[in-house]
Amino acid sequence: MFVVFEGIDGSGKTTVSNRVAQKLRETGLTVEHLREGGKFTSNVTQAIREFGRDVRNLDLTPHAEFFLYVTRDVQLLDEMTRPAPERAQVVIADRFLFSAEVLARFGRGLPEDYVRPVLDAAARGLEPDLVVLVDIDPHVARARRQVAKALTADKRPPSRKGQGGGGMQQRFRAGYLELAARDTKRWVIVDNDRDLDTTVNRVFSLLQEAARKSVKEARQRWREECDTLAPVPAPVRTPGEALEHFLRWIDDRATREPHVAAYFLSGLWGRGVDERRQALVERAPETIVGGLNGLDDEVSWTLREALKEKAPVRVARSVNGFPSAHPRARKLRAEMVERFPIDVLSGFEASDEEEAWILRDRLYATAPDIVVGTLMRVPGARAWAMRETWLGAKGGEKALENYETARILCKAVSGLDDDRAWELRKEARDTAPIAAISSLYYVDSDKAWKWRERWLERAPKTVFGTMRRSDDERAWQMRERLAAVCKEAIDSIQDLDGPRAWALREQHADTWISTVVKSLGPLATTPRGRALVEQQLTRHPGNVSLLKHAAAIAVGANVRSEIVVE
């Protein structure tokens, strides 16, 4: 029996499939998993996957990408999948040609009549007996990915595919659901927005019965027992009602996934929120403190004080942007600086204040990379002398062939528009392209806009991130071109009140359901803003990200955290 698990990134398909495989083995069945532990059993397939993920290959076109992903799958099929039934009763694959189809058609917009013949030729008649679609709300999937990345201190470069923006996962999910609806005899859908053990046990029972009896009988029993109508969300009309619904969602999630609950509270404070932040601080301290960035309310300062020993680097970063004269930020830094000087320095990014320079000079000898990384948006001879000294110690511009060196350098010149910044940015671009593009934030010269235009199609997420709140005509043209497929185009109009901003919000309100509300900022309290918020809540009462941003309006909190949801 050949079983395929599919789903969007962060759906939990790899975790579920591996745990189900182990449970099947414990019953005496022989099982071969083609992506055991998250790594393909074919080294060639794994290498092709890494090539496709590598952001240095940003110029890969949608057509070339499609053939690359098909090649990855064909290699696994020929090398591992076809021979596997001779060795095992159950063969499990984590992704099949369906993933290449969803990426090409729903992610990149390639036509079905172009994609389908290639997939049929690649499969050469091989089809899975059963496809398990592990389904999840993309907002929850993203929260899980972000939490896992933060807790494991994952420092891998960003993925190339991820540069398509947050809307890609929504289109992927829609694509998978369409494929499942077309082939109900082969596909089953499992909702993984619940306790993981429950999901694993349900899928295990399905596969065990399919292996012992027949796929047809197992699928029929699955539908009889598991296919129930999703509950209709209760109506929500106002930010106050959204707050109550959001807090109930947090309470339910906190019992199963405290870090995910804490993630959704990031950037919020006020009535109802504060009690839940305090309740989660013991079970999800890293995520709670990660959501304090820029918050200046009483409870946020209490949480910083409570967590400064347990998570000093995150606490220090949470006051990044507070001036030296801010009394509570100054006191906190003074208490931490002797034992955690590097962490305190990390809270001085982009600062040209003397206190920041005292720490830089003190720490350069022991932590030069961290020190130089805090020089973003800092001009002047003093900053440039430190950058050049650091680069010389690394071996000069030749050292920019190393990813980490190039990334740090791009961060150090972020927001700068002088000739030397551009020389270094260009040298680093091939090695760390996303870091180089990101360094354009606050840069408004013609040269910067040419770069944005050059990379808009390949890295819209990052490009739009460099033009937040920009009212430049070139920004508007780019937004209007890609707003239908890239939600970051709407993110970039944060707080903007002109007719073109409102036109984008209203035109794409049903596509980027919560982003249009998030983009309002203080405009949410205006008559037009309130009307838009209430319209979105009425149309989409079950969208948890929308509930979060409407809840922020209800408590009067601006969502300023670096950790955000769609």
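How many salt bridges does the structure hold? The structure, a predicted model, holds 65 salt bridges.

## Overall architecture

The protein chain comprises 31 helices and five strands. Its radius of gyration is 25 Å, close to the 24 Å given by the globule rule for 566 residues, so the chain is as compact as a globular protein of that length. Along the principal axes, the C-alpha atoms fill a box of roughly 75 × 55 × 50 Å.

Of the 566 residues, 55% count as buried. The protein chain exposes about 24100 Å², of which carbon and sulfur atoms supply 52%.

## Charged side chains

The protein chain carries 89 positive and 85 negative side chains, and the centres of these two sets lie 1 Å apart. Side chains of opposite charge can pair when their charged atoms come close.

## Selected salt bridges

Arg 277 and Asp 297 form a salt bridge with an N to O distance of 3.0 Å. This pair links distant parts of the chain, 20 residues apart: Arg 277 belongs to helix α12, and Asp 297 to the loop between α13 and α14. Both Arg 277 and Asp 297 are buried.

In the salt bridge between Glu 404 and Arg 407, the closest N and O atoms are 2.5 Å apart. Both residues lie in helix α21, three residues apart, about one turn of the helix. Glu 404 is partly exposed at 32% relative accessibility, and Arg 407 is partly exposed with a relative accessible area of 28%.

Definitions and conventions:
Residues numbered from 1 in each chain as written. Predicted model: local features only at pLDDT ≥ 70, side-chain atom pairs only at ≥ 80, totals over all residues. Heavy atoms only, no water. Helix = DSSP H or I, 4+ residues; strand = E, 2+ residues; numbered from the N terminus. Rg over C-alpha atoms; globule rule 2.2 N^0.38 Å. Buried < 20%, exposed > 50% of the residue type's maximum accessible area, 1.4 Å probe, protein only. Areas by Shrake-Rupley, 256 points an atom, 1.4 Å probe, with all protein chains shown as cover. Lys, Arg positive; Asp, Glu negative; His and termini not counted. Charge placed at Lys NZ, Arg CZ, Asp CG, Glu CD. Salt bridge = Lys/Arg side-chain N within 4 Å of Asp/Glu carboxyl O.
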